[in-house]
Amino acid sequence: MTDKTCYIALSLLYRNKLRVGLALLNHYGSAESAWAHANEPGKQAAWEQAQKELQWAGAHSVQVITPADATYPYRLLQCPDHPVVLFATGNIHPSDGHIVSIVGTRHATERGKELTTRLVRDLHDRLEQVTIVSGGAYGIDIAAHRAAIECGIPTIMIPAHGLDRIYPQCHRREAVQALRTGGLLTEYPSGTEPLAGNFLRRNRIIAGLADAVVVVESKQHGGSLATARMAVDYDRELFAFPGRPDDATSCGCNELIRSNRAHLIQNADDLIQTMGWTPRNEQHTPVQTSLTAFGEGCSESHQTILNLLGETEDGLNANLIVMETDLPYSQVSSDLLELELQGRVRALPGGIYRLVR
């Protein structure tokens with residue numbers, strides 16, 4: 001009998017009674033003793049599966065992390081419903097530095113993706129050591145992982161299934177890239193499929209791992225709001241990007257802010273200041289967010305776009321701005337986002353941007 005086998009067996013036996021399993025561990029003080037006193041149907045089957053799982057993990061370079069290990073994330077250990085066992089692959093150090101979880105809708109807008117990318121980049125620029133956590137799903141999740149990979153900072157994916165697969169399959173490339181400085185972390189053993197109920201349960205790991213949880217875009221109901229509720233329950237600082245009142249993808253964020261459950265965030269500096277973190281360089285000029293006079297403090301591309309929008313009352317969409325200015329689409333998209341945050345342009349339905357006069 002090995003300690004890790006006992007932890008895996010307990011996690012399997014009490015997979016639907018997590019708090020009972022944790023109470024058993026706390027009462028008896030060790031996994032071996034807790035297992036010896038466990039009295040549930042299917043105990044022998046759980047033990048046999050646990051032995052196979054430990055063998056599988058060893059053969060596939062998967063770490064088995066238990067609460068008795070120094071490598072178990074201490075933030076997660078503070079949560080009353082923390083996993084009995086974790087399976088990890090890659091170069092994961094989930095207790096180091098600043099941990100920021102970023103979540104949001106799977107049906108993210110271009111604005112949401114751009115906000116996510118800019119937040120990750122600015123956190124990288126401003127902080128000495130930061131890790132980005134998300135769920136590896138479509139939309140905001142994968143935008144956060146991609147931005148972290150591009151910056152070369154650690155990112156941890158929290159899948160809702162075992163580590164013998166990647167879901168969605170189209171994110172395999174990002175999962176492999178994440179292994180270099182981060183990796184994948186889950187409580188689910190191999191063979192576990194990405195069933196609907198698993199996603200809600202795994203969201204508590206995304207919330208519990210972090211110092212701060214950021215919701216970028218969220219509809220009125222969804223998994224990211226469940227993660228937000230868990231973050232509040234765990235006493236994590238919760239942040240949300242505001243959206244326009246008529247944006248369906250921002251209803252959830254706006255409600256979090258309106259109900260004082262989340263701090264309003266516009267950029268990385270808002271998060272850093274609220275968290276009381278020390279920036280890498282105190283002399284670094286923060287991102288400008290206040291409304292300034294037309295033409296003041298503009299980059300050349302900003303001024304070009306503002307001049308163009310100043311020539312029309314009805315506004316223009318991004319594609320027309322690209323055609324008129326010969327600027328790259330990525331540059332125009334980025335500049336429009338900055339100008340919107342500064343209050344110089346307003347985004348309208350249909351992707352139209354109009355100058356604020």
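The largest share of the lining of the largest pocket, 5 residues, comes from helix H15. The model is predicted, and the space in this pocket amounts to about 420 Å³. Of the 23 residues that line the largest pocket, Thr-109, Glu-110, Arg-111, Gly-351 and Tyr-353 are the closest to its centre.

**The largest pocket**

- At least two lining residues are supplied by each of helix H6 (110-126), helix H14 (318-325), helix H15 (329-341), strand E11 and strand E12.
- By class, the lining of the largest pocket divides into 9 nonpolar, 7 polar and 7 charged residues.

**The open sheet E10-E12-E11**

- An open sheet is formed by 3 strands in the order E10-E12-E11, and their pairing is antiparallel.
- Strand E10 (316-317) and strand E11 (345-348) each have a single partner strand and stand at the edges, so one side of each is left without a neighbour in the sheet.
- Strand E11 is joined to strand E12 (residues 352-355) by 4 bridges, and the two run antiparallel.
- Within this pairing, Arg-346 has Arg-354 of E12 as its bridge partner.
- Helix H13 (residues 300-309) lies across E10, E11 and E12, and runs at about 90° to E12.
- Strands E11 and E12 also contribute to the lining of the largest pocket, each with at least two residues.

**The parallel pair E3 and E4**

- Strands of a sheet pair through backbone hydrogen bonds, either parallel or antiparallel.
- Strand E3 and strand E4 (residues 130-134) run parallel and are joined by 4 bridges.
- In this pair, Ser-101 stands opposite Val-133 of E4.
- Strand E3 (residues 98-103) is mostly covered, with 5 of its 6 residues buried.

**Enclosed cavities**

- Rolling a probe the size of a water molecule over the atoms shows where empty space is left.
- The whole structure holds 2 cavities of 30 Å³ or more.
- The largest cavity has a volume of about 60 Å³.
- Its lining is made up of Gly-135, Gly-136, Met-157, Pro-159, His-161, Ile-166, Tyr-167, His-171, Ala-175 and Leu-184.
- These lining residues of the largest cavity divide into 6 nonpolar and 4 polar, with no charged residue.
- The second largest cavity contains about 50 Å³ of space.
- Around the second largest cavity stand Arg-106, Gly-135, Gly-136, Ala-137, Pro-159, Ala-160, His-161, Tyr-167, Pro-168, Phe-199 and Arg-202.
- The lining of the second largest cavity comprises 6 nonpolar, 3 polar and 2 charged residues.

**Backbone features in loops**

- The peptide bond from Tyr-167 to Pro-168 is cis, with omega near -5°.
- Asp-235 has a phi near 60°, a positive value in a residue other than glycine.
- The loop that holds Asp-235 runs between helix H10 (223-233) and strand E8 (237-240).
- Asp-235 counts as exposed because its relative accessibility is 68%, above the 50% cut-off.
- Asn-260 likewise is not a glycine, yet its phi is positive, at about 60°.
- Asn-260 is found in the loop between helix H11 (251-258) and strand E9 (263-264).
- With a relative accessible area of 72%, Asn-260 is exposed.

**Buried threonines in helices**

- Thr-117 lies in helix H6, one of the elements that supply residues to the lining of the largest pocket.
- Thr-117 counts as buried because its relative accessibility is 15%, under the 20% cut-off.
- Leaving aside residues up to four places away in sequence, Thr-117 touches Ala-143 and Ala-147.
- Thr-227 is placed in helix H10.
- At 1% relative accessibility, Thr-227 counts as buried.
- Residues up to four places away in sequence again set aside, Thr-227 touches Val-103, Asn-203, Ile-206, Ala-207 and Val-213.
- Thr-227 and Glu-40 are 187 residues apart along the chain, and 30 Å separates their C-alpha atoms.

Key
Residues are numbered from 1 along each chain as its sequence is written. This is a predicted model: local features need pLDDT of at least 70, side-chain atom pairs count only at pLDDT 80 or more; totals for chains, interfaces and linings use all residues. Side-chain values use heavy atoms; hydrogens and water are left out. Two strands pair if DSSP finds at least two bridges between them. Contact means heavy atoms within 4.5 Å. Axes are lines fitted to C-alpha atoms, for helices over the stretch in contact, and angles run from 0 to 180 degrees between N-to-C directions. Buried means under 20% relative accessible area, exposed over 50%, partly exposed in between (1.4 Å probe, protein chains only). On a 1 Å grid over the protein atoms alone, a cavity is a set of points where a 1.4 Å probe fits but cannot get out, and a pocket is an open set with protein on both sides within 12 Å along at least five of seven lines; lining residues have an atom within 4 Å of a point. Grid points are joined across faces, edges and corners, and a volume is the space filled by probe spheres set on the points. Ala, Val, Leu, Ile, Met, Phe, Trp, Tyr, Cys and Pro count as nonpolar, Asp, Glu, Lys and Arg as charged, and the others, Gly among them, as polar.
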